[in-house]
Amino acid sequence: LLRSGEYERCIVAATEAIDRRTFGEDWYLRKAEAESALGQGTAALETIQAGLQRYNWSIRLRQLGVNVARLAGQPQQG
């Protein structure tokens with residue numbers, strides 16, 4: 001869904017997977033990427049922070065968080 005530009009559907013699917021506690025940091029990554037693509041920088045940053053609460057070891061979440069924070073105008077959060 002993310003690759004085909006269906007960002008809203010991607011957010012819904014990722015949110016459902018996160019709510020079901022489906023394993024994998026990818027759900028948080030995809031949701032944040034879709035939110036960023038829609039210009040929802042603050043929501044994307046919140047998604048990254050929630051993902052890091054569960055997967056605090058995730059380098060990919062941390063890296064995306066730096067980029068999202070920069071785009072959201074909050075580089076100190078990254």
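1. A quick word on terms before we start: buried means under 20% relative accessible area, exposed over 50%, and partly exposed in between, using a 1.4 Å probe and protein chains only. On that scale R30 counts as partly exposed, because its relative accessibility is 30%. This is a predicted model, where local features need pLDDT of at least 70 and side-chain atom pairs count only at pLDDT 80 or more, while totals for chains, interfaces and linings use all residues. Residues are numbered from 1 along each chain as its sequence is written, and side-chain values use heavy atoms, with hydrogens and water left out.

2. Let me turn to the charged pairs. A salt bridge here is a side-chain nitrogen of Lys or Arg within 4 Å of a carboxyl oxygen of Asp or Glu. Searching the whole structure gives six salt bridges. One of them joins D26 to R30, with 4.0 Å between the closest N and O atoms. Both residues sit in helix 2 (residues 26–37), and because they are four residues apart there, about one helical turn separates them. Helices are DSSP runs of H or I with at least four residues, numbered from the N terminus.

3. D26 has another partner to look at. It forms a salt bridge with R60, and here the closest N and O atoms are 2.4 Å apart. D26 lies in helix 2 and R60 in helix 4 (residues 59–71), so this pair ties together parts that are 34 residues apart in sequence. As for accessibility, D26 is partly exposed at 35%, and R60 is partly exposed too, with a relative accessible area of 41%. For another distance from D26, its C-alpha atom is separated by 13 Å from that of N56, 30 residues away along the chain.

4. K31 and E35 are both buried. Elsewhere, salt bridges that share partners join E25, D26, R30, E33 and R60 into one network.

5. T47 is worth a look alongside that K31 and E35 pair. T47 belongs to helix 3 (residues 41–54) and counts as buried, because its relative accessibility is 7%. Setting aside neighbours within four places in sequence, T47 is in contact with Y28, K31, A32 and E35; contact means heavy atoms within 4.5 Å.

6. Now for the rings. Rings of Phe, Tyr and Trp (its six-membered ring) pair if their centres lie within 6.5 Å; planes under 30 degrees apart count as stacked, over 60 as edge-to-face, and the rest as tilted. By this rule there are three aromatic pairs. Y28 and Y55 have ring centres 6.0 Å apart and planes at 70°, so they are edge-to-face. Y28 is in helix 2 and Y55 in the loop between helix 3 and helix 4, so the pair ties together parts 27 residues apart in sequence. Both Y28 and Y55 are buried.

7. Y55 also pairs with W57: the ring centres are 5.6 Å apart and the planes stand at 80°, so this pair is edge-to-face. Y55 is buried, with a relative accessible area of 3%, whereas W57 is exposed at 52%. Ring pairs link F23, Y28, Y55 and W57 into a cluster.

Note on methods. Helix = DSSP H or I, 4+ residues; strand = E, 2+ residues; numbered from the N terminus.
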